[in-house]
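Reader: I am new to this one and would like to go through it slowly. Could you help me while I look at it?

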Amino acid sequence: MGRKLLTEHINVEGINTFEVYRKHGGYRSVEKALKTMTPDEVTEEVKKSGLRGRGGAGFPAGMKWGFLAKPEGVPRYLVCNADESEPGTFKDRQLMTKLPHLLIEGMITGSYALGARTSYIYIRGELLYVLRILEKAIAEAYAAGFLGENILGSGYSLDLHVHPGAGAYICGEETALLESLEGKRGNPRNKPPFPAVQGLYARPTVVNNVETIAAVPIIVNEGGDEYAKIGIGKSTGTKLISACGHLNKPGIYEIELGLPVEEFIYSDEYCGGIWKGRELKAVVAGGSSVPILPKELILKTAAGENRLMSYESLSDGGFITGTMLGSGGFIAMDETTCIVKNTWNFSRFYHHESCGQCSPCREGTGWLEKVLHRLEHGHGSMHDIDLIVSVAKQIEGNTICPLGEAAAWPVAAAVRHFRHEFEWHVTNPKEATVPGAVYRGAAVLA
Amino acid sequence: MEPTTAPAKPQFSAAAQAEIKRLLTHYPEDRSKSALLPILHIAQAEFGGWVSPEVQDLVAETLNIKPIEVYEVSSFYTMYNLKLVGKHVLEICRTGPCMLRGSDELTEHLERITGAKVGETSPDGLFTLKEVECLAACGFAPVVQVREQYYEQLDTPEAVDAMLNELREQIHRPILSWEENELPNSLKNN
C-alpha cells in the first residue's frame, strides 16, 4: 500500500477543525519555517522536492517560485487556484472540504517563502459551501495566531482571503483567474509579461493549484530530499487521482507516483475494476483535455512496458501512442461507450467554455461541436472526419491560452485511435443512431 | 393592469450590507472592483435568484463603477441568472463523466416530472431546469446543483424524487448564513 502524505488524517473525526488538525501535527511547517528558516530556504526545499504543479501542466513548483520578481517596496501575492473544473477532476473539492487547514497551512508557509503579505484562494463559485468551510477555518487560524499580524512573534504578517468565481472553466487558466479576481471577465492575458512579473494588480504573483500548495507543509516538515525519494524518477511524491466513469469504485485516491495503471484500475485497493462486469474500452487519464487512449495503450506502452501513473510513463510515446497525467482526472469508459458521442460532448464543453477572445478557438470549437454533432447523429460524411482533424490542427498553437489545445487534443486523439468508429457512423447512420448502439471493432493502436 | 408607479429601487438588506463591507476589506482600497463577483452572488441570493438590470445597477452603484462593468461580467459567468427563475434552479451537469453515468436520462426524467424543458421554469414556478458544464463531482455522477447544495448519484428515479421532495419542503436558504450546509453524501462517509 502506498504512502499517504496529503490524506493521512483525512478520516479523523473533526480534522476540519483547528484543534484536531493541530493535535495531529498541523501547522508544524509554519512554526519550522517562520522560526528556523529564511524564505529562500523554504523555496530551496520545494525545489529539491521536485514537486510539480498538480493542476495539470506539471511545471516544477520550486522553479515557478524562483521566477517571482521581488522589486523593493512592491507587494507580491500568492494565489491558490481552487477553480477546479477540468472534466474528470474533483480532488481539490475533497481536500478543501475535509482538510481545509492543510491548504491554509500551505498558504501560510508558501506565502512566507514568497514574501507575500496578502494571499488569496480563488475558488470556483459553484463551491460556495466549501468557501464557507475555508472561511471558518481561516477564522480559526487567525484566532490561534497563525494568520494576521506578527505570526508566532516572528515579525511576519499575512492576511488570507477566499474569493469565489462564478462559473467559467477558463478561470482555471492563471491569467484569466487573475482577471476574474480583479472583478473582470475571465479573458486570459497575453504573455509575457508572466504573472511572476505582472500578476494580480500588475504585481508579482505566483498562482498554484490547491494540491500543490497542500504538499508544501509536508515538504517543509520532511525536507525536500526526503519528499523526492517518494515516487519515481522526475515524478516525485504522491498525487491525488480522481477516478470516475465506468468504474466499480469511483472516488479520490492518493497514490505514490509510479503505480501501474493496471493495478490502479483493477485492484480492490483502488478502483476495483470496470462496473457491471464489462470490459474496459478507453481511458482519458488526466482530465478531458488529454488524449484518449484505448485499453491496450493505457495498460501498456507501445513498446509493451507496463504503463505507470507518472508524468513520464503516461506521456511515453508522445501524442501518437501516449497521453498525459494532467490534473489526475481519470475517466474510464466501458465497452458500451460511444467514442463519437463522448468526443462531441467534450467539444460542446470547450465551445461553451471558450472565452471568445481568439478567433481560432471561438470559431474552431464551434466547428468541432457542430461537425461532431452531425457525425454522431448520422448526418456526417467521410470528409467530416478529416475536417475535424484539420480544424483541431488549426486551433492548436494559435491561441492566447491553452484552452485551444485542450479543445483540439481530445478530437485529434479520438480520431487517431477510434477512426473506424467515426467511419461506422458515416457508413451505418441508421444503426449508429439507435440509442445505446456502439461500434464493436478494435481500436487503432498507432 | 400596468403598474402606475415605477417599481421601488432595490436595496440591500442590513445583513447584505454588512457582508459587503466585510468583503471590501479583502482587497486594496483602490481595487474594490475585485469584490464584484462575490457581491453579485450576494445580490442574486437577495433578489430572488437572478440579477435584473436594476439589481446590477445597484451593484455598480455600491462599487462606484459603471453599470457596463457589471453587465459585461454578469453576462460572462454562467452562475448569474439574467432572467427570472423559479424558486429552485436545478443545475444539471451534462459533461462527459456525468453523461457516462446517465445525465441524459436524468435530464429527460426531470423534464418529464417538472413539466419544464431545459431553460424553462415548471408551470408551478418551483423548478427552473438549467444545463451546466462540469461541477467537479464526477465520481458521484450524475449530479445536480441547487444553490449551494450538491445532489449526487441521481441515477435512480427514487434518488431524483427524494431530491425534488426535499426541495419542495425547503425554505429559501439565505446565502449569508454562517450555518454550514449539508455536505454532499459522497463527502460524508469516505
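Reader: How are α6(A) and α7(A) set to each other, roughly parallel or oblique?
Author: In this predicted model, α6 (residues 100–114) of chain A packs against α7(A) at an angle of about 60°, with the axes 9 Å apart, and the two are therefore oblique to each other. Helices are DSSP runs of H or I with at least four residues, and strands are runs of E with at least two, numbered from the N terminus.

Reader: Which residues meet there?
Author: Pro100(A), His101(A) and Ile104(A) of α6(A) meet Ile133(A), Leu134(A), Ala137(A), Ile138(A) and Ala141(A) of α7(A), where contact requires C-beta atoms, placed from the backbone, within 7 Å.

Reader: Switching topic, how many residues of chain A are in contact with chain B?
Author: On chain A there are 51, in contact with 38 residues of chain B. Among the elements of chain A that give two or more residues to this side are α7 (128–143) and β3 (159–164), while α15(A) gives the most, with six residues.

Reader: And what are the domains of chain A?
Author: Chain A is divided into domain 1 (18–229), domain 2 (240–334) and domain 3 (339–432), with bounds from an automatic or database domain assignment. Ten residues of domain 2 of chain A are in contact with ten of domain 3 of chain A.

Reader: How should I read the numbering and the cut-offs?
Author: Residues are numbered from 1 along each chain as its sequence is written, and chains are lettered from A and ligands numbered from 1 in the order in which they are written. As this is a predicted model, local features need pLDDT of at least 70 and side-chain atom pairs count only at pLDDT 80 or more, whereas totals for chains, interfaces and linings use all residues.

Note on methods
Contact = placed C-beta atoms within 7 Å. Axes fitted to C-alpha atoms, helices over the stretch in contact; angles between N-to-C directions. Parallel < 35°, antiparallel > 145°, perpendicular 65-115°, else oblique.
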